[in-house]
Amino acid sequence: MDILTRSRTKSPWLLHYSCGSCNGCDIEILAALTPLYDVERFGIVNMGNPKHADVLLVTGPANWRNYRVLRNIYDQMPEPKLVVVVGVCGSTGGVFDKCPNTLGGIDTVIPVDVYIPGCAARPEAIIDGVVLALGKLEAYGT
Amino acid sequence: MARTAIPFGPQHPVFPEPVHLKLELEDETVVGVTPVIGYMHRGIEKAAELKTFRQNVFLIERICGICSFMHSLAYCQGVEALTDVEAPPRARFLRVFWSELSRSHSHLLTLGLLADAMGFESLFMQCWRAREIVLDISEMTAGHRIIQSTCSVGGVRRDINSEMAKEVDARLRALQEMLDRSISPVFLHDYTINRRTEGKGIVPKEQAELLGAVGPTARGSGVTVDIRQTGYAAYSDLSIDPVVETAGDSYARTKVRVRELSRSVELVREVLAMMPAGEILVAVSNYPEGETVSRVEQPRGEEIMYLKGNSTNYLERVRVRTPTFANIPALLGMLPGCELADVPIITLSIDPCIGCTER
């Protein structure tokens, strides 16, 4: 493993964007960062800046208003980048499937690498999903 | 002095949700602010007309994951009024139980985020550590950490047995101790928090009334309003004294939340002690007919839900007025005159919930 891949997978920086979720998954992502689950011990840090981020965590379904913002954030992230969708509604539309303003899952707007199920997804599942994504990041480097 | 326009959001490190405020600055001082909303609009009100009134419970509680139980409570109370059904006494107490649990976890969450916004990292972690106790109780009693999904038309779907009640009581005592020892004193007496919030984002009492502020935002300005006093669910059997502060600044709103939090934990324990025995769910045999307005006190303030039925399985109209929507005018009154660096703290002091606002 070269040094770049090693440092990327050792300490991935997350960017969180909430599309149209109910906040349930968003607060579970935050809960994963706080003492009980504490992903910071793995070097995972929540970032506010897309230009510093390796992994984009998205919650909620895309809609007509926010899909441009989402694509903009995705485009600002440097390669290699990964997209992890948290929650059922971000994966397929879920309970908001028939809502008139939603476009469906996040994969209608940007390519998605990992889907995390759950409504709301549990912090354990979120950590699991991010670790799965890191495997992909590792494979990307080689 | 030339004016600068600063886009605040929609993706911003301080907020978990997309808030977009167009700020107009003169030097470092905010002189104008325009909110731009709609980034989270899903169209839940329309979707609620396409699902049956029983299915709607699952949709309505996903308006917002933080006060999810209270949304479903407002909806179920409304449908019960339209179908002439009354929830049994034990169900009414259980509804207060989960409502107050939601309130305590929501207040801990927002206090933590406020601490995070001012860079007080250890307090943020302490708040969220205490919050995990509430989430554990929620998982134990309802089966899920945040979306309890226990409210149903005609009552509640889960009961609490005596062993569970004992365990909940023990955990709440631990939480109370944690609050008294390491959270409340910091928010009430710490120099940093005082300096960052005192005198920031003032809304005088008259203005708060005029702009229709609700919840802790109104109570922080000295407006005595708490919908729990109307006695919905089992609140008529409990003593509810609105927590009121008079300064009207961010510090006052924070103090209101800290004191409400302790009261909420006490209320949960009171409810557990005085819960009557009996059934928890009654059958609903007829369809909703007529129109009604249902009001509940959420962590962020008063929610109004208007429901209209036409004797079919589907509701004709579901309209939700959420507390943050009512507090946005007050926020726009707070921001002009403040420094750019105080914008996140003032915005967080009304505890914005965009998922609710835009539905």
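# Exercises on a predicted two-chain model

A:D54 touches A:R8, A:S11, A:P12, A:W13, A:M77, A:P80, A:K81 and A:L82, leaving out residues up to four places away in sequence. The structure is a predicted model, and the exercises below refer to that model.

## Exercise 1

Locate A:D54 within chain A, and determine whether A:D54 is buried or exposed.

Solution. Step one is the position in the chain: A:D54 belongs to the loop that runs between β2 (45-47) and β3 (55-59) of chain A. Step two is the accessibility: the relative accessible area of A:D54 is 13%. Step three applies the cut-off, by which buried means under 20% relative accessible area. A:D54 is therefore buried, at 13%.

## Exercise 2

Describe the interface of chain A and chain B by its buried area, its residues and the elements of chain A that take part.

Solution. Begin with the area: about 3,200 Å² is buried between chain A and chain B, and 64% of it is on carbon and sulfur atoms. Within chain A, the residues losing the most area to chain B are A:N23, A:I27 and A:R65, which together make up 18% of what that side buries.

Then consider specific pairs. The rule finds 2 salt bridges across the interface. A salt bridge joins the side chains of B:R145 and A:E28, at 2.7 Å from N to O.

Finally, assign the chain A side to elements. Those giving two or more residues to the side that touches chain B are β1 (13-18), α2 (24-33) and α3 (67-76) of chain A. Of the elements, α2(A) gives the most, with 7 residues. By residue class, this side of chain A comprises 21 nonpolar, 12 polar and 5 charged residues.

## Exercise 3

Identify the residues with the most contacts inside the largest nonpolar core, and list the contacts of B:Y75.

Solution. The first step is the core itself: the largest one has 145 residues, and B:Y75, B:F97, B:W128 and B:L175 have the most contacts inside it. Helix α4 (residues 89-117) of chain B gives the most to this core, namely 13 residues.

Another core lies apart from the largest one; it has 21 residues, including A:L15, A:V58, A:V69 and A:I106.

Terms used: Residues are numbered from 1 along each chain as its sequence is written. Chains are lettered from A and ligands numbered from 1 in the order in which they are written. This is a predicted model: local features need pLDDT of at least 70, side-chain atom pairs count only at pLDDT 80 or more; totals for chains, interfaces and linings use all residues. Side-chain values use heavy atoms; hydrogens and water are left out. A nonpolar core is a set of buried Ala, Val, Leu, Ile, Met, Phe, Trp, Tyr and Cys residues joined through side-chain atoms within 4.5 Å. Buried means under 20% relative accessible area, exposed over 50%, partly exposed in between (1.4 Å probe, protein chains only). Helices (H or I, at least four residues) and strands (E, at least two) are DSSP runs, numbered from the N terminus. Contact means heavy atoms within 4.5 Å. Buried area is the accessible area (1.4 Å probe) that two parts lose on being put together, summed over both. A salt bridge is a side-chain nitrogen of Lys or Arg within 4 Å of a carboxyl oxygen of Asp or Glu. Ala, Val, Leu, Ile, Met, Phe, Trp, Tyr, Cys and Pro count as nonpolar, Asp, Glu, Lys and Arg as charged, and the others, Gly among them, as polar.
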